[in-house]
Structures are given as structure tokens and as C-alpha cells.
Amino acid sequence: MDCRQPFQGGSFFDHEGQPYCETHYHAKRGTLCAGCHKPISGRCITAMFRKFHPEHFVCSFCLKQLNKGTFKEQNDKPYCHGCFEKLFG
């Protein structure tokens with residue numbers, strides 16, 4: 001999983017005593033966005049056992065931004081209530 005590439009600018013992230021690039025550091029810590037696969041710093045939404053940047057937690061059908069607690073889940077994908085009813089109701 002680790003890229004074994006030289007560290008850009010000579011700086012790296014430490015996780016459990018091992019050096020990592022930014023992406024693999026966040027992957028080890030479970031802080032990569034499930035939507036864009038980029039590191040999350042700052043606000044995040046945790047839903048369906050994954051983390052998301054708030055702007056990347058969207059309905060799988062209409063792509064409207066969702067809020068934690070205001071979505072339905074089907075086949076491990078989030079949906080707004082309207083799309084969920086249309087598709088699965």
C-alpha cells in the first residue's frame with residue numbers, strides 16, 4: 001500500500017514511528033475522503049463507516065449534498081429521501 005516514493009521537500013508524516021507521504025499517512029489513519037480519496041483536514045462527515053469532506057457526501061442519484069442523519073442507504077450508497085423513494089419505494 002505504501003508508495004515508497006521520495007518525500008517531497010524532505011518532509012513526511014509520522015504514524016506509529018514510520019514515515020509516510022501525506023496520502024498514505026491519512027490512509028493509515030482512516031482520514032481519506034470516500035468521495036474524492038484525498039486527505040481530510042478540518043470538518044468531515046462520518047457515515048456508513050466511512051469519512052467524507054462535507055461537499056463530497058452526496059446522493060448517489062441526484063448528487064445533491066447530504067447531511068449526516070438525513071439520508072437513506074441502499075447497497076452501501078447514500079441517497080436523499082426523494083431519490084430513495086423514487087428508486088426503491
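How many salt bridges are there between domain 1 and domain 2? The count between domain 1 and domain 2 is one salt bridge, in a model that is predicted. The domain assignment of the chain sets domain 1 at residues 13-53 and domain 2 at residues 58-88, while the UniProt record, in an unreviewed entry, places a feature named "domain: LIM zinc-binding" at residues 31-89.

- The centres of domain 1 and domain 2, taken over C-alpha atoms, are separated by 23 Å, and the contact takes five residues from domain 1 and seven residues from domain 2.
- Between them, domain 1 and domain 2 bury about 460 Å², and 64% of this area is on carbon and sulfur atoms.

**The charged pair**

- Side chains of opposite charge can pair when their charged atoms come close.
- D76 lies in the loop between strand 5 (72-74) and strand 6 (77-79), whereas R50 lies in strand 4 (residues 50-52), so the pair ties together parts that are 26 residues apart in sequence.
- Both partners keep some accessible area, since D76 is partly exposed with a relative accessible area of 45%, and R50 is partly exposed with a relative accessible area of 30%.

**Aromatic rings**

- A search of the whole structure finds six aromatic pairs, and one of them is formed by F7 and F12, whose ring centres are 5.2 Å apart and whose planes stand at 40 degrees, so the pair is tilted.
- F7 is partly exposed, with a relative accessible area of 29%, and F12 also counts as partly exposed, at 45% relative accessibility.
- The rings of F52 and F57 have their centres 4.9 Å apart and their planes at 50 degrees, so this pair is tilted as well.
- F52 and F57 are both buried, and together with F71 these two residues form one aromatic cluster.

**Helix 1 and the strands beside it**

- Which residues of helix 1 are buried? They are H24, Y25 and H26, and the buried residues of helix 1 pack against strand 1 and strand 2 (18-20).
- H15 is found in strand 1 (residues 13-15), and at 17% relative accessibility H15 counts as buried, because buried means under 20% relative accessible area.
- Not counting residues up to four places away in sequence, H15 touches Y20, Y25, K28 and R29, and Y25 is among the buried residues of helix 1.

**Residues with a positive phi**

- Just after helix 1, G30 takes a positive phi of about 75 degrees.
- H37 has a positive phi of about 65 degrees although it is not a glycine, and H37 is found in the loop between helix 1 (22-29) and strand 3 (45-47).
- M48 likewise has a positive phi, of about 55 degrees, although it is not a glycine, and M48 is found in the loop between strand 3 and strand 4.
- Is each of these two residues buried or exposed? H37 counts as exposed, at 56% relative accessibility, whereas M48 is buried, with a relative accessible area of 9%.

Definitions and conventions. Residues numbered from 1 in each chain as written. Predicted model: local features only at pLDDT ≥ 70, side-chain atom pairs only at ≥ 80, totals over all residues. Heavy atoms only, no water. UniProt positions renumbered as here; feature names shortened; annotations may be inferred. Helix = DSSP H or I, 4+ residues; strand = E, 2+ residues; numbered from the N terminus. Buried < 20%, exposed > 50% of the residue type's maximum accessible area, 1.4 Å probe, protein only. Contact = heavy atoms within 4.5 Å. Phe/Tyr/Trp six-rings, centres within 6.5 Å; stacked < 30°, edge-to-face > 60°. Domains from an automatic or database assignment. Buried area = accessible area lost by both parts, 1.4 Å probe. Salt bridge = Lys/Arg side-chain N within 4 Å of Asp/Glu carboxyl O.
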